[in-house]
Amino acid sequence: MEECKIQQMQLRQFKEYFGIDEQTVKRWIHKKAFPAYKQGCRWYVDISAYYKWREQEHINSYKYTYVK
């Protein structure tokens, strides 16, 4: 998937664009330092920070794999 050129998205748009369940995103926000912020009653996701976060999460998930 090519990277999105938008700087930020509402949570509703984000979950539809990336196909991620809303409960999953909310869990990430509260437990995994997901790059989102709340303004008023709406959540927004910083898209460039999301790509960096996603890359770091991928690295962290494989850091304990056995390498010769």
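1. Helices here are DSSP runs of H or I with at least four residues, and strands are E runs of at least two, both numbered from the N terminus. With that in hand, here is a spot to look at: just after H1, Gly19 takes a positive phi of about 70°.

2. A word on the ground rules. This is a predicted model, so local features need pLDDT of at least 70 and side-chain atom pairs count only at pLDDT 80 or more, while totals for chains, interfaces and linings use all residues. Residues are numbered from 1 along each chain as its sequence is written, and side-chain values use heavy atoms, with hydrogens and water left out.

3. Now the overall layout. The chain has 3 helices and 3 strands, and from the N terminus on they run β-α-α-β-β-α. Of the 68 residues, 29% are buried; buried means under 20% relative accessible area, exposed over 50%, and partly exposed in between (1.4 Å probe, protein chains only). The accessible surface comes to about 5500 Å², and carbon and sulfur atoms hold 48% of that (Shrake-Rupley method, 1.4 Å probe; for residues, only the protein chains shown count as cover).

4. Next, helix H1 (residues 11-18). Its buried residues are Leu11, Phe14 and Phe18. They sit on the same side of H1, because they cover an arc of only 60° around the axis (taken from the directions from the helix axis to the C-beta atoms). Their cover includes strand S1 (8-10), helix H2 (22-31), strand S3 (42-46) and helix H3 (47-62).

5. The largest nonpolar core has 15 residues, and Phe14, Phe34, Val45 and Tyr50 touch the most other members. Such a core is a set of buried Ala, Val, Leu, Ile, Met, Phe, Trp, Tyr and Cys residues joined through side-chain atoms within 4.5 Å. H1, H2 and H3 are the elements that give two or more residues to this core, and H3 gives the most, with 4 residues.

6. Val45 is worth a click. Not counting residues up to four places away in sequence, Val45 touches Gln7, Gln8, Met9, Leu11, Phe14, Phe34, Pro35, Ala36 and Tyr50. Ala36 stands opposite Val45 in S3.

7. That brings in the strand pairing. Strand S2 (residues 36-39) and S3 run antiparallel and are joined by 4 bridges; two strands pair if DSSP finds at least two bridges between them. Their hairpin has 2 residues between the strands, and Gly40 takes a positive phi near 70° there.

8. Leaving aside neighbours within four places in sequence, Gln10 is in contact with Arg42, Trp43 and Tyr44.

9. Finally, the aromatics. The whole structure holds 13 aromatic pairs: rings of Phe, Tyr and Trp (its six-membered ring) with centres within 6.5 Å, called stacked with planes under 30 degrees apart, edge-to-face over 60 and tilted for the rest. Phe18 and Tyr51 pair edge-to-face, 6.1 Å centre to centre with 70° between the planes. Phe18 lies in helix H1 and Tyr51 in helix H3, so this pair ties together parts that are 33 residues apart in sequence. Tyr37 and Tyr44 are stacked, at 5.7 Å centre to centre and 20° between the planes. Tyr37 is partly exposed at 32% relative accessibility, whereas Tyr44 is buried at 14%.

How values were computed
Contact = heavy atoms within 4.5 Å.
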